[in-house]
Amino acid sequence: MKRNFSVNILLACLLLAFAGTAFGQTTLIQNIYGRTNLSLDGRWNYIVDPYELGYYNYRHQPFDQTPSGKGGFYDDKKPDNKTDLVEYSFDLSQNMNVPGDWNSQSTKLEVYEGTVWFRQKFNADPKTDKKYFLYFGAVNYEAHVYLNGKKLGMHKGGFTPFQFDVTGKLKAGENFVVVKADNTRHQDDIPTVNTDWWNYGGITRDVMLAEVPVTYIADYKIQLAKGNMNRLEGFVQLAGTELGQQVTVNIPEAGINQKFTTDASGRAFISIPVKKISYWSPENPKLYHVEISGSTDKVIDRIGFRTIETKGQDILLNGKSIFLRGISLHDENPLIPGRLRGQGDMRMMLQWAKELNCNYVRLAHYPHSEEMVRLADEMGLLVWAEVPVYWTISWLNTETYQNAEQQLSDLMIRDKNRSSVIVWSIGNETPISDPRNIFMNKLAAKARSLDDTRLVAAALEVHRKDKDIVIEDPLGDKLDLVSFNEYAGWYFSNSTDMLNYKFDIRFNKPVVITEFGADALGGFHADAETRWSEEYQELLYKNQFKMLSAITGLRGMTPWILTDFRSPRRPHPYYQDYWNRKGLISETGKKKKAFFALKAFYDDMQIKFK
Ligand code: GCB
């Protein structure tokens, strides 16, 4: 009887684990790039599996949920003898680059949505006094991960990192990891079926095998306290067996070397008075060498210190009012086109933003990579970071909410030490309804509970009443900024008539416009009233500056968008050809006329806000 009871509990737990949005993962390790790592990036063999032959048996049960757990492609089986039937082979299959999306690496996969299996072999030399984590920067969208034929777990969400504890699961010598990546869109996911960007599939960010001591520094936060330029605050969190330790925070250049004792759960709260430091800003992107050490582990990071607050309609960076000269960006290199693959691509994008004289970027519409945010730290660009709660989410589904919250938390956990990040955005253009308001209010509260040192925002809904563009979305009450997308001159009105419209903003908060813009086919020239021409886009920008200058609380903007990007929603055969052409830079890397109009506006704003 007793035994049956525990078997039932076990079964219930297993069912719950499989029913959830993710399982098998452990808490994200802070600063993965600062650990001892084996990179598993490189050429991975892959098998395209539209019918999921490698996942389901003929009864449509997942192989990995059958008693033997065997039979799936993750076995990486080879025929035992010449009579043996095996209908797949990773060894003989093609390979592609990881990190990388599959769409840009095979013409056959350009529009593919479904399952692709990936396999990588690697050598390991596991030590008994170490712990090991298999870390993925991102896999779009659902990833099932197997090590040496055994399931490690599953993760949902295409843009956030996840990891599995593989201590005791590695072999000395050759190992193999198999990933089932599935980018099928679903209504109940985050994002949902409908977006305006390419659904790039695959293992799109770095894969690493991290080695840490048995008791290791799992997480930490060291930032200036909310609105306080004279005190660093945060925590250090240990994980492992020796949780009570003395930990030291050492910032030699700032003359800081302070000890703290972790409690029984391995946590120490940090509070350090600051005498004289050089504050991080776009003009002075100063990063300090920060060393956190305990008796069993040590980790080094580069962290900048700055405060960000709002006061009335001002945004204060280090106590001084700032105008955010921004631009929106997708995580896409227009020249390939495909997802950004590494630092070279990322530098190119951020360098273009610098050439526009930006001090700020909106990393739309989902978490960009950790490397991108670290580069923004280094290059002196403030960041609006976002989660893909975009358009028509399933507001009433509690699992959908959990998924959104998980993605938000994982982004915030990952980037909380990045001085560049000043805004957590909880979503974009979500149509107002009661269920949406409840969902979004809860998400805003979650963001605030995780971090009180940054602003919380979203691209709000707008509506038009005659010639007024009205912003009164109730979500605005919960946020620090009034941000919204307005397409005067493009989705309503035109490049000249747009000047008859004005804004009616019902909040007394800093206004930071998240989007405006127009499509222009690079190299297509006509008069400024002809749609798709560079001249139309340029005039629209100039007229936007006139309209926006009438907003007293205007404190920044991120026009849409730095570069043209691929989108299945853009079928016009000549002007679009499945590209959203609102870029200021074309897919050949050529700057359009509006690029220079925006730069001139930002040059002026820089002088005005000095
Ligand atoms: C928007 C969306 C953005 C689109 C853009 C457009 O409001 O936020 O994702 O790409 O408009 O071009 O229509």
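Predicted model: local features only at pLDDT ≥ 70, side-chain atom pairs only at ≥ 80, totals over all residues.
1. Helices here are DSSP runs of H or I with at least four residues, strands are E runs of at least two, and both are numbered from the N terminus. The expected span of a helix is 1.5 Å times one less than its number of residues. For the 13 residues of α2 that gives 18 Å, and its end C-alpha atoms are 18 Å apart, which agrees.

2. Which residues of α2 are buried? They are Asp-345, Met-346, Met-349, Leu-350, Trp-352 and Ala-353, where buried means under 20% relative accessible area, exposed over 50% and partly exposed in between (1.4 Å probe, protein chains only). After α2 comes Asn-357, with a positive phi near 70°.

3. On to the rings: the structure has 36 aromatic pairs. Rings of Phe, Tyr and Trp (its six-membered ring) pair if their centres lie within 6.5 Å; planes under 30 degrees apart are stacked, over 60 edge-to-face, and the rest tilted. Trp-395 and Phe-439 form an edge-to-face pair, 4.8 Å centre to centre with 80° between the planes. Trp-395 lies in the loop between β25 (382-386) and α4 (398-415) and Phe-439 in α5 (residues 434-450), so the pair ties together parts 44 residues apart in sequence. Both residues are buried.

4. Phe-439 also pairs with Tyr-401: their ring centres are 5.0 Å apart and their planes at 85°, so this pair is edge-to-face. Tyr-401 is in α4 and Phe-439 in α5, so parts 38 residues apart in sequence are tied together.

5. What about the nonpolar cores? Each is a set of buried Ala, Val, Leu, Ile, Met, Phe, Trp, Tyr and Cys residues joined through side-chain atoms within 4.5 Å. In the largest, of 86 residues, Ile-327, Val-389, Ile-426, Phe-439 and Met-557 touch the most other members. A second, separate core of 30 residues includes Val-145, Leu-147, Val-166 and Val-207.

6. A word on reading the numbers: residues are numbered from 1 along each chain as its sequence is written, and side-chain values use heavy atoms, without hydrogens and water. Local features need pLDDT of at least 70 and side-chain atom pairs count only at pLDDT 80 or more, while totals for chains, interfaces and linings use all residues.
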